[in-house]
Amino acid sequence: MKHCKWAAALITLYGWLFCQVPAFASNGCVDCHKDEKFKVQNKLLYDYYKNWENSPHEIANVSCVDCHGGNTKTHDKVEAHLGLLPQSDPKSPVYYKNIPATCGRCH
């Protein structure tokens, strides 16, 4: 009986981690940053997207907005980036001194 509970827990965990339907079908951040045309406009941010794609964060349905902020419900560049602060801004959640708190929300 004890082994059945562990097996059921592992199967549930496996399903949660690897069998989820992607939640990003209507995510403006993902839609824009994955576009091959964006690679020409801003290769660095495109490369960040490529590093995120298929990563543990994507698998766990953690997208750009979860750490960086922004608005995933729009495809308008200005609206999508309202409230985003550059990485160099001490108030940014991804400023180097804020990384432990930002990442610590989940980790």
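A residue counts as buried when its relative accessible area is under 20%, as exposed when it is over 50%, and as partly exposed in between (1.4 Å probe, protein chains only).

The structure is a predicted model, in which local features need pLDDT of at least 70 and side-chain atom pairs count only at pLDDT 80 or more, while totals for chains, interfaces and linings use all residues. Residues are numbered from 1 along each chain as its sequence is written, and side-chain values use heavy atoms, with hydrogens and water left out.

**View 1. Overall fold of the protein chain, which has 8 helices and 0 strands.** Helices (H or I, at least four residues) and strands (E, at least two) are DSSP runs, numbered from the N terminus. Along the sequence the pattern reads α-α-α-α-α-α-α-α. Of the 107 residues in the protein chain, 20% are buried. The accessible surface is about 8300 Å², and carbon and sulfur atoms account for 63% of that area; such areas come from the Shrake-Rupley method with a 1.4 Å probe, and for residues only the protein chains shown count as cover. Contact here means heavy atoms within 4.5 Å. Among contacts between residues at least 6 apart in sequence, 39% join residues at least 24 apart.

**View 2. Asp66 in helix α6.** Asp66 is partly exposed, because its relative accessibility is 38%. When residues up to four places away in sequence are not counted, Asp66 touches Asn61 and Arg105.

**View 3. Asn27 in the loop between α1 (2–18) and α2 (28–33).** Asn27 counts as buried, because its relative accessibility is 6%. The side chain of Asn27 makes a polar contact of 3.3 Å with the side chain of Ser63. A polar contact is a pair of N or O atoms within 3.5 Å; within protein, one must be able to donate a hydrogen and the other to accept it, and residues adjacent in sequence count only if both atoms are side-chain atoms. Apart from neighbours within four places in sequence, Asn27 is in contact with Ser63 and Thr72.

**View 4. Thr74 in the loop between α6 (64–68) and α7 (77–80).** Is Thr74 buried or exposed? Thr74 is buried, because its relative accessible area is 10%. A polar atom of the Thr74 side chain lies 3.0 Å from the backbone nitrogen of Asp76. Leaving out residues up to four places away in sequence, Thr74 touches Gly28, Glu79 and Ala80.

**View 5. Salt bridges, of which the count is 2.** A salt bridge is a side-chain nitrogen of Lys or Arg within 4 Å of a carboxyl oxygen of Asp or Glu. The side chains of Lys43 and Asp47 form one of them, at 2.9 Å from N to O. Lys43 and Asp47 both belong to helix α4 (residues 43–52) and stand 4 residues apart, about one turn of the helix. Lys43 is partly exposed at 49% relative accessibility, and Asp47 is partly exposed with a relative accessible area of 28%. Lys50 forms a salt bridge with Glu53, where the closest N and O atoms are 2.8 Å apart. Lys50 counts as partly exposed at 37% relative accessibility, as does Glu53 at 26%.

**View 6. Aromatic pairs, of which the whole structure holds 2.** The ring centres of Tyr49 and Trp52 lie 5.7 Å apart with the planes at 45°, so the pair is tilted. Rings of Phe, Tyr and Trp (its six-membered ring) pair if their centres lie within 6.5 Å; planes under 30 degrees apart count as stacked, over 60 as edge-to-face and the rest as tilted. Tyr49 and Trp52 are separated by about one helical turn, because they are 3 residues apart in helix α4. Both Tyr49 and Trp52 are buried. Tyr95 and Tyr96 also form a tilted pair, with 4.8 Å from centre to centre and 55° between the planes. Tyr95 is buried at 16% relative accessibility, whereas Tyr96 is exposed with a relative accessible area of 57%.

**View 7. A nonpolar surface patch made by Leu44, Leu45 and Tyr48.** The patch covers about 280 Å². Patches are made of residues with over 30% relative accessible area and no salt bridge; like charges are joined within 9 Å, and nonpolar side chains (Val, Leu, Ile, Met, Phe, Trp, Tyr) within 5 Å. Leu44 lies in helix α4.
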